Amino acid sequence: MLERKRIAYWVIPLILFICFLGSAVYAAGQPEAASGKHSSALKGQYYLEDVVKIYVPSTYDVDQPIDNTPYVNKTLEKFSGMFGGATAVDGTGAWLSEDEQLVKEKVTIVYSFAEDLDKKKIKQVVDYARALKEEMKQSSVSIEINGKMYFIE
């Protein structure tokens with residue numbers, strides 16, 4: 001009887017250790033998506049982390065509606081040269097005026113995903129936004145970098 005207890009004291013911890021080790025091996029073999037990371041189907045694929053956006057207004061001198069196509073095309077060309085490509089999507093921006101009235105404006109968001117987004121490229125985007133602001137006679141032009149909105153005045 002004493003011999004059985006000794007064996008049990010050694011066998012039970014060994015079984016628990018094997019179960020623990022087995023669950024760790026099983027978890028390591030699961031797709032990365034279960035842990036919130038990219039799925040194994042994307043493992044090793046090239047990707048770009050940084051995104052830069054500029055909101056091209058559709059008004060001139062703050063409130064005069066215009067066709068912003070030339071400005072959008074110029075911005076697409078600028079961003080394509082800087083980042084290798086760009087996309088434009090139409091949207092509607094809105095805000096409340098001083099007298100609490102809803103003001104809506106059509107905008108075109110031009111964006112690029114970027115590799116090696118450094119201070120020099122960010123400065124180029126800011127300088128371009130300032131030039132666009134001046135050319136379109138706006139109070140500001142919005143840019144967005146990695147989800148953070150900046151108003152270039």
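Contact here means heavy atoms within 4.5 Å. I need that for my entry on S58. I also note that this is a predicted model.

**Entry: S58**

I looked up where S58 lies. S58 sits in the loop between β1 and β2 (59–60). Is S58 buried or exposed? S58 counts as buried, because its relative accessibility is 11% and buried means under 20%. I then listed what S58 touches, leaving out residues up to four places away in sequence. The list reads Q64, P65, I66, N68, E105 and K106.

**Entry: overall layout**

I counted elements next. The protein has three helices and seven strands. Along the sequence I read the pattern α-β-β-β-α-β-β-α-β-β. Of the 153 residues, 25% count as buried. I also checked contacts between residues at least 6 apart in sequence. Of these, 56% join residues at least 24 apart.

**Entry: strands around β5**

I turned to strand β5 (residues 102–114). Strand β1 (residues 50–57) runs antiparallel to β5, and eight bridges join the two. One of the residues I followed was P57, whose bridge partner in β5 is V107.

On β4 (residues 87–96) I found antiparallel pairing with β5 as well, over ten bridges. Here T87 has Y111 as its bridge partner in β5. What do β4 and β5 form together? They form a hairpin, with five residues between them. In the turn, E100 has a positive phi of about 65 degrees.

**Entry: the nonpolar core**

The largest nonpolar core has 21 residues. Which of them touch the most other members? I noted I54, V56, F83, L132 and I143. I also noted which elements supply this core: β1, α2, β5, α3 (119–135) and β6 (141–145) each give at least two residues.

**Entry: aromatic pairs**

I searched for ring pairs and found two aromatic pairs. The rings of F79 and F83 have centres 5.6 Å apart and planes at 80 degrees, so this pair is edge-to-face. The cut-off for that label is over 60 degrees. F79 and F83 are four residues apart in helix α2 (residues 69–83), so about one helical turn separates them. F79 is buried, with a relative accessible area of 0%. F83 is buried too, at 13%.

The other pair is Y111 with F113. Their ring centres are 6.0 Å apart and their planes stand at 80 degrees, so I wrote down edge-to-face again.

K53 lies over the face of Y111, at 6.0 Å from the ring centre.

**Entry: salt bridges**

How many salt bridges does the structure hold? I found four, and I wrote up K74–E135, K123–D127 and K133–E134 among them.

K74 and E135 have their closest N and O atoms 3.0 Å apart. K74 lies in helix α2 and E135 in helix α3, so the pair ties together parts that are 61 residues apart in sequence. K74 is partly exposed at 40% relative accessible area. E135 is partly exposed as well, at 36%.

K123 and D127 bring their closest N and O atoms to 2.8 Å. Both lie in helix α3, four residues apart, which is about one turn of the helix. D127 is partly exposed, with a relative accessible area of 36%.

K133 and E134 meet through their side chains at 2.8 Å, N to O. I checked both for burial. K133 is buried, at 10% relative accessible area. E134 counts as exposed because its relative accessibility is 52%, and exposed means over 50%.

Conventions
Residues numbered from 1 in each chain as written. Predicted model: local features only at pLDDT ≥ 70, side-chain atom pairs only at ≥ 80, totals over all residues. Heavy atoms only, no water. Phe/Tyr/Trp six-rings, centres within 6.5 Å; stacked < 30°, edge-to-face > 60°. Buried < 20%, exposed > 50% of the residue type's maximum accessible area, 1.4 Å probe, protein only. Lys NZ or Arg CZ within 6 Å of the ring centre and 35° of its normal. Pairing = 2+ DSSP bridges. Core = buried A, V, L, I, M, F, W, Y, C linked by side-chain atoms within 4.5 Å.
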